[in-house]
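Here is a short briefing on one predicted model. Take a look at the structure before reading the points that follow.

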Amino acid sequence: MLPDRIRQLDVAIGNNRAAGQLLKASTYEFRYLDALAEQPSVALLMPASAKLTWTDGDLFPSMDQNIPEGDLFMRIRALFPKQATTAMHMLALIGDNGIGRLGYRIPGAPAPPAAPPLSKATLLNTRYSPKIFDDLVSAYLSTGAGIAGMQPKIMVPEARIAVPVPTLIVKAASEAYPGLAANEYLCLNAARLAGIQTPAFDLSHDGKMLVLERFDAILNEDLTVERLGFEDIAALSGQRVRDTLSNRKYQGSYERIAGLLKQLQLPQENLDRFFEQVAFSIMVRNGDAHLKNFGVLYRSSRDIWLAPMFDVVTTAIYRYTQYEGGPELEDRTLALKLFSGKHATKAYPTTEELLAFGTKVCNVQAPAVVLQRIAEGLGAALYAAQSDDRVPRDLLVQMQKFWEAGRRTYGMVDAVRPAAMPLG
């Protein structure tokens, strides 16, 4: 159990366990403990070269971004019903295991015992059931809580890693969204076939769990792990979006994200890749590509790049409610506006609008070629999925309808290899 009140946490940045302190009184305060201007920063916009002490009325966005939410937060509440769940308590629970390179520990507290590692093969061979996933969460909560998002998920350490850092993300099936793990697997496979960067991923043999390798943890030849800095676009925009009733992560536009990447002075290849990610989400009808589902990785302010595409699913096949007991709605809009401006909307764009976004906003030389490449990837993924017993047939039929519409609308389908024969 953690103390009732936590007023201070030691903050690690990468391998430096004594990089700083986080204090909570009436405001939050972060202090660098080293006076050097050139040192790894706690956030891209909070460098030690600017000042050594930072204050804010709310938790700093680079720390807020990993606080558990959704399913994982509710599981924490259920496992520790009498435990306080302030932001400081959540950070203490995350410890060294959040996405990115930040770690947290109560001063003087010993390191928590390492959880037993699992091999990826073991996870892929595990037959899913709600109890099995509950057991997995209970066993690895102390090492796998540092991951945000509404979907059931947990992080576990992989057996081949020399130091037991949780480097595998396990996403489970969801009663509210049937086939969600297989859905994301198909999307990631189509993206990979289209030449879009993704994390390493695989689907369990029963099709109920998706296993991904963390893209912020680089495995070295000696099987140690380099932790990269990571900040999602919401954090870089100074937003805290953990409140489940908040729609702030759905406010803004993809044009503004492109502008932020330009402000960070990322090379053009990153804007090319951002256009790929946006175009792919549009073509597969992923209406949940919000501010937290894009981000950057970095080693320093001079070494920043766009993170691989992650958390991508065909949301259009599901119905949802905005609040418990509310009416069921269909997902038929983008998560963000494509363009900035008061007259812009979240409607799915025409082909001409998407091409204009590529050329005028992202400076892509040949956006039509990108759309054709994505269309080919979608077709190849649909073809491969027909012989994949892990993918439910009804799910594939539903997804194919939207993917084929995306191929016809944006990908000049008559110029690419046709997808598999209709499944219905």
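**Salt bridges and cores**

E226 counts as partly exposed, at 24% relative accessibility; buried means under 20% relative accessible area, exposed over 50%, and partly exposed in between (1.4 Å probe, protein chains only). In this predicted model, local features need pLDDT of at least 70, side-chain atom pairs count only at pLDDT 80 or more, and totals for chains, interfaces and linings use all residues. Residues are numbered from 1 along each chain as its sequence is written, and side-chain values use heavy atoms, leaving out hydrogens and water.

**Salt bridges**

- The structure holds 18 salt bridges (a side-chain nitrogen of Lys or Arg within 4 Å of a carboxyl oxygen of Asp or Glu).
- E226 pairs with R299, their closest N and O atoms being 2.7 Å apart.
- R299 is partly exposed, with a relative accessible area of 38%.
- R390 forms a salt bridge with D202, at 3.2 Å between the closest N and O atoms.
- R390 also forms a salt bridge with D388, where the closest N and O atoms are 3.0 Å apart.
- R390 counts as buried at 17% relative accessibility, and D388 counts as buried at 14%.
- D202 is partly exposed, at 26%.

**Nonpolar cores**

- The largest nonpolar core has 82 residues (buried Ala, Val, Leu, Ile, Met, Phe, Trp, Tyr and Cys residues joined through side-chain atoms within 4.5 Å).
- Y254, F274, F280 and W403 touch the most other members of this core.
- Another core, of 45 residues, lies apart from it and includes M46, L91, I94 and L124.
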